[in-house]
Amino acid sequence: MCAYSSLGANGTSWCSNVLDCSLLKQIAVERGKTVAQVCLRWVYEQGDCIIVKSFNESRLRENFGIFDWELTDVDHHKISTLPESRGCLDFFVHESGPYKTVDEFWDGEITGDN
């Protein structure tokens, strides 16, 4: 797995901005980190790779500040309660979209199961 645009895509139709999440803000304050660092650390602790991009030097440096601390089990539990939005599903699967149901959209060929 690889997290591309792991901090959301503000202003797009397919993804919300996780930086606005009150729960993630609370965890960030408790850990003395930024919301971005909490998000990136969570992905890192899942064992996934992260592709980060910024043209802002301070944010690039901030991205490196995820390696000297860990989220707690309580943090993981709280984050796991957040609703998920995966890719462009709502864009493709919709009553007026190209696919009316998930079964029409997904052929089951690629899964996370081994």
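Which residue forms a salt bridge with Lys33, and how far apart are the closest N and O atoms? The partner is Asp68, with 3.7 Å between the closest N and O atoms. Lys33 sits in the loop between α1 (22-31) and α2 (35-45), while Asp68 belongs to the loop between α3 (57-63) and α4 (73-80), so this pair ties together parts that are 35 residues apart in sequence. Helices here are DSSP runs of H or I with at least four residues, numbered from the N terminus.

A few words on the basis. This is a predicted model, in which local features need pLDDT of at least 70 and side-chain atom pairs count only at pLDDT 80 or more, while totals for chains, interfaces and linings use all residues. Residues are numbered from 1 along each chain as its sequence is written, and side-chain values use heavy atoms, leaving out hydrogens and water.

A salt bridge means a side-chain nitrogen of Lys or Arg within 4 Å of a carboxyl oxygen of Asp or Glu. By that rule there are five salt bridges, including these:

| Pair | N to O distance |
|---|---|
| Glu30 and Arg31 | 4.0 Å |
| Lys33 and Asp68 | 3.7 Å |
| Arg41 and Glu45 | 2.6 Å |

Now for exposure: buried is under 20% relative accessible area, exposed over 50%, and partly exposed in between (1.4 Å probe, protein chains only). Lys33 is partly exposed at 24%, whereas Asp68 is exposed at 63%. Glu30 (41%) is partly exposed, and Arg31 (28%) is partly exposed too.

In helix α2, Arg41 and Glu45 are four residues apart, about one helical turn. Arg41 is buried at 6%, and Glu45 is partly exposed at 26%. Elsewhere, salt bridges with shared partners link Glu30, Arg31 and Asp75 into one network.

Technical notes:
Helices (H or I, at least four residues) and strands (E, at least two) are DSSP runs, numbered from the N terminus.
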